[in-house]
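Me: I am new to this structure. Can you walk me through how to read its features?

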Amino acid sequence: MSCLDRSGKSTQSKKLEAHLQKVGYGKVKWMCFPNRKTAIGTAIDLYLRRQLELPDEAVHRLFSANRWEMAKSIVEDLKAGTTIICDRYAFSGVAYSAAKGLDFTWCQSPDRGLPCPDGIFFLYIDEKVGASRANFGDERYENAEMQAEVRNQFKDPRLRAHVNWHDVDGARDKEVIHAEILAAVQKCKASLRSRRS
Ligand code: FDM
Ligand code: MG
């Protein structure tokens, strides 16, 4: 899932994971980026909490490296048949850094070659709705101006090219959103199965 801050992506991605576990979907794993637990993730966490200053280009590369350090284990899990649900991925990396003024194509390049998701859910909300949600403003990027620019970048067709992208209205009831995502996941799984058989 890709999204604006405070759009409910963590709630939705965890709800999806819990549901798939419950219905016996096989092995399901939830993960998120940034993964703040690794050494690179620790630097990213400090940066986001405004305790470390870094040039925009450097932190962009760190976010990408944080995905690359997980890439091998993601591929191994996928090969073993595990379903991975991810709270943010490279799409956020590009949208947030491009929103700061970095060149869009330059932003895409370090993530080239990472495993490509079978489906992407972009939860969009009005930046004012995001700002009214709990804890908004605690971290870097959590301000209405930045969120509005990130939202613009997420509309860029270069981000959505060649991927299975779903726009999801995040301003609705949690259960309604969950049902919509679930239906799309089931459809995606059915089409993957028919392609593989
Ligand atoms: N973010 C996240 C980036 O700027 N680049 C990235 O590659 C990723 C994965 O980090 F503001 C930003 C988006 C958000 C912040 O993410 C922390 P969470 O999901 O709010 O923890
Ligand atoms: Mg956040």
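Reply: Start with a term. A helix here is a DSSP run of H or I, at least four residues long, numbered from the N terminus. The model is predicted.

Me: Which residues is Arg140 in contact with, leaving aside neighbours within four places in sequence?

Reply: Contact means heavy atoms within 4.5 Å. Arg140 is in contact with Tyr47, Leu48, Arg50, Leu52 and Glu53.

Me: Why does Leu192 count as buried?

Reply: Leu192 counts as buried because its relative accessibility is 13%. Leu192 belongs to helix 9. Leu192 and Leu78 are 114 residues apart along the chain. Their C-alpha atoms are separated by 13 Å.

Me: Now the pockets. What volume does the largest pocket have?

Reply: A pocket is an open set of grid points with protein around it. The largest pocket has a volume of about 810 Å³. Of its 30 lining residues, the closest to the centre are Thr83, Ile84, Pro117, Asp118 and Gly119.

Me: Which elements give two or more residues to that lining?

Reply: They are helix 1 (9-22), helix 3 (56-79), strand 3 (83-87), strand 4 (120-124) and helix 9 (174-196). Helix 9 gives the most, with 6 residues. By class, the lining of the largest pocket has 19 nonpolar, 7 polar and 4 charged residues.

Me: What about the second largest pocket? Which residues lie nearest its centre?

Reply: Asp5, Lys9, Pro34, Arg36 and Arg88 lie nearest the centre, out of 30 lining residues. The space in this pocket is about 620 Å³. Helix 1, strand 2 (28-32), helix 3 and helix 4 (90-99) each supply at least two lining residues.

Me: How many residues of each class line the second largest pocket?

Reply: Its lining has 10 nonpolar, 8 polar and 12 charged residues.

Conventions. Residues numbered from 1 in each chain as written. Chains lettered and ligands numbered in written order. Predicted model: local features only at pLDDT ≥ 70, side-chain atom pairs only at ≥ 80, totals over all residues. Heavy atoms only, no water. 1 Å grid on protein atoms, 1.4 Å probe; cavity = no way out; pocket = protein on both sides within 12 Å on 5 of 7 lines; lining within 4 Å. Points joined across faces, edges and corners; volume = space filled by probe spheres on them. Nonpolar A, V, L, I, M, F, W, Y, C, P; charged D, E, K, R; others polar. Buried < 20%, exposed > 50% of the residue type's maximum accessible area, 1.4 Å probe, protein only.
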